[in-house]
Amino acid sequence: MLVTKLDDSKSLLGEAYDLCQEGEYTLALEYYDLVLFKDPKNLMALIDKGVTLQNLGKYRQAIKCYDKVLEIDPRNKTTLVNKGSALHSIRKYHDAIDCYDMALEIDSKYAMAIVYKGLSLGELGLLKQAIKCFNDALRIDKKYDLALNNKAMALQLLKANDKLKPKLQKP
């Protein structure tokens, strides 16, 4: 019976997902590796393994998983956003924006990609462009918390920056 269960990739992926929900990321990785040992091109296992590695702070390893997915399915917009998120976490904001832009070429209404792009633009100090992204995402999903909260924060930073700039006096 155990052998049958181990042969079932779907069952292993379900177990791995449950382990992640319980915060047992290291054990979940073992399940993903079992699936990938049998089927190295299992997209779900590669994506979920990448997300799990990100949850463990292993961003470079996560990026490798996402790259494997993109070799198989270059138009996987979720993986592009996940890779961008991992790149953002290691402060490679320009590379992250490239990933978000690729996802947006596939689906121009992908609100998560737009918001995440805004986050990376904000990290680069491009607050007006970041706010534009947050506004664009809110046009798609009016209640998108991440867009709402970060738009408010970016507006505060922009306002604070304007107060710090010296005003030129007219003669």
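**Exercise 1.** Determine how helices α7 and α8 are oriented relative to each other in this predicted model.

*Solution.* Step 1: The helices to compare are α7, residues 93-106, and α8, residues 111-123. Step 2: Their axes lie 9 Å apart and pack at an angle of about 160 degrees. Step 3: Angles over 145 degrees count as roughly antiparallel. Therefore α7 and α8 are roughly antiparallel to each other. Step 4: The crossing of α7 past α8 is left-handed. Step 5: Residues of α7 that meet α8 include Y93, A96, I97 and Y100; among their counterparts in α8 are A113, I114, Y116 and K117.

**Exercise 2.** Identify the aromatic pair found in the whole structure and classify its geometry.

*Solution.* Step 1: The search of the whole structure gives 1 aromatic pair. Step 2: This pair consists of Y100 and Y116, with 6.0 Å from centre to centre and 80 degrees between the planes. Step 3: Planes over 60 degrees apart count as edge-to-face, and the pair is accordingly edge-to-face. Step 4: Y100 belongs to α7 and Y116 to α8, 16 residues apart, and the pair links distant parts of the chain. Step 5: Y100 has a relative accessible area of 1%. Buried means under 20%, so Y100 is buried.

**Exercise 3.** Describe the arrangement of helices α4 and α5.

*Solution.* Step 1: The axes of α4 (residues 43-55) and α5 (residues 59-72) come within 8 Å and cross at roughly 160 degrees. Step 2: α4 and α5 are therefore roughly antiparallel to each other. Step 3: Their crossing is left-handed. Step 4: The contact involves, among others, L43, L46 and I47 of α4 and Y59, Q61 and A62 of α5.

Notes: Residues numbered from 1 in each chain as written. Predicted model: local features only at pLDDT ≥ 70, side-chain atom pairs only at ≥ 80, totals over all residues. Heavy atoms only, no water. Phe/Tyr/Trp six-rings, centres within 6.5 Å; stacked < 30°, edge-to-face > 60°. Helix = DSSP H or I, 4+ residues; strand = E, 2+ residues; numbered from the N terminus. Buried < 20%, exposed > 50% of the residue type's maximum accessible area, 1.4 Å probe, protein only. Axes fitted to C-alpha atoms, helices over the stretch in contact; angles between N-to-C directions. Parallel < 35°, antiparallel > 145°, perpendicular 65-115°, else oblique. Left-handed = near helix turned anticlockwise from the far one by under 90°. Contact = heavy atoms within 4.5 Å.
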